[in-house]
Amino acid sequence: MSNKKKLRIGIVGYGFMGRAHTNAYRQVSRFFDCEYEPVLKAACGRNEEKVKAFAENWGYESTETDWRRLVERDDIDAIDIAAPNNMHKEIAIAAAEAGKMILCEKPLGMNTAESKEMAAAAKKAGVKTLVWYNYRFIPAVTMAKNLVDAGKLGKIYHYRANFLQDWTISEDVPLGGQALWRLDVDASGSGVTGDLLAHCIDTAMWLNGPITSVSAMTETFVKERTHSETGEKKSVGVDDACAFLARFENGSLAIFESSRYARGHKALYTFEMNGRDASFAWDLHDMHRLSYYDNADGDLRGWRSIHVSEGEHPYMDKWWVPGLNIGYEHSFTHCLYGFLKSLEDGEAGFHPDFSDGVKTDVVCEAVLESAKTKSWQEIE
Ligand SMILES: NC(=O)c1ccc[n+]([C@@H]2O[C@H](COP(=O)([O-])OP(=O)(O)OC[C@H]3O[C@@H](n4cnc5c(N)ncnc54)[C@H](O)[C@@H]3O)[C@@H](O)[C@H]2O)c1
């Protein structure tokens, strides 16, 4: 056992994100220098056999089958919410009231009202929060942010982002249950807007500032699906696809698109930003590269493809040697590292926190409202 300060973790959910977060808890102190070290105290899931198998595989000391028990435990400092969206609010508010830090998956709430309640509860309790908008922490994406902050792009004119998948095209894909809760509006709150566009919106506002108005359209292509647990036919209440126009406070214009019906695309998250002096573009399928065009390059002007893997690039001095790639899972480790560093200085804030999560939920809600009412929505 090291003599670092301990951050004792209790996690709810052992699915996709339960594994991604736990991997980060296990790796962060080995690769990054921080005063705090996560301790895998307890994993929680409703199925005792499955949660025990998860805990054993990943090294959690104990298990719970009721998240309320987990939140009440006095040997836990932080609650990690890696459960479906309809669980976030209740768990987060209980965790805040119990004085625990909260590391919550996105979208923060099922809607803006929920996420505001969560943020208010955390603020009232004075607990530190994190929302797992992990894409900010991919080295090439962080490098893009550094370029904006250094003023390399000059005045910004355009932002565009896509998040395209194709996994729900078949009418036979059921609705409800592990991973498939995304198609059940009662568990997810929305479809691609809260699931995929929330990531695009978080990154966009981080890079380009607040969004002030949106005009959207959505579609649900398959209207009925069979619930995987009850076997009943249920009407599909989520948006299968969404496209929207947006204006940013800095005067730039944007276009966003997301779909789970874009045949051939599995997780094509791309964004591009065009300024007066330079542009960049990024693609999750080639995540360690940043495309960059600088108008000051004279007759050598052209799109460079920067392999973001050198020691001077964000986070990369902590990993292998220049030229070697890291992966998707490292974004969670970097996000966690930032959170742990913020604990070292009580005053330092960590972002994205619950206040950032609320801002993204507000835009998501305006997008859905715009599609419903076929009107532009202003965002305050
Ligand atoms: N940051 C990202 O890139 C990213 C990626 C995927 C999912 N997510 C978010 O992570 C969250 C979880 O998604 P996932 O893909 O891991 O889902 P998943 O279906 O793979 O896992 C969900 C887990 O929650 C557990 N669970 C459900 N209800 C519970 C309850 N009442 N008590 C205890 N445990 C319960 C399930 O048993 C399962 O272990 C969602 O909010 C989702 O939007 C974020």
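**The packing of helix 8 and helix 10**

Tutor: In this predicted model, helix 8 (residues 192-208) packs with helix 10 (residues 354-373) at an angle of about 125°, and their axes are 9 Å apart. Helix 8 is therefore oblique to helix 10, since angles over 145 degrees would count as roughly antiparallel and those from 65 to 115 as roughly perpendicular. The crossing of the two helices is right-handed. On the side of helix 8, the contact is made by Thr193, Gly194, Leu197, Ala198, Ile201, Asp202 and Met205. Helix 10 contributes Lys359, Thr360, Val363, Cys364, Val367 and Leu368. By residue class, this contact of helix 8 with helix 10 divides into 8 nonpolar, 3 polar and 2 charged residues.

As for the setting, the secondary structure of the protein chain comprises 10 helices and 17 strands. The radius of gyration of the chain is 21 Å, close to the 21 Å that the globule rule gives for 380 residues, so the chain is as compact as a globular protein of that length. Along the principal axes, its C-alpha atoms fill a box of roughly 65 × 55 × 40 Å. Of the 380 residues in the protein chain, 47% are buried. Among the contacts in the chain with a separation of 6 or more, 69% are between residues 24 or more positions apart.

Key: Residues numbered from 1 in each chain as written. Predicted model: local features only at pLDDT ≥ 70, side-chain atom pairs only at ≥ 80, totals over all residues. Helix = DSSP H or I, 4+ residues; strand = E, 2+ residues; numbered from the N terminus. Rg over C-alpha atoms; globule rule 2.2 N^0.38 Å. Buried ≥ 20, exposed ≤ 12 C-beta atoms within 10 Å, placed from the backbone. Contact = placed C-beta atoms within 7 Å. Axes fitted to C-alpha atoms, helices over the stretch in contact; angles between N-to-C directions. Parallel < 35°, antiparallel > 145°, perpendicular 65-115°, else oblique. Left-handed = near helix turned anticlockwise from the far one by under 90°. Nonpolar A, V, L, I, M, F, W, Y, C, P; charged D, E, K, R; others polar.
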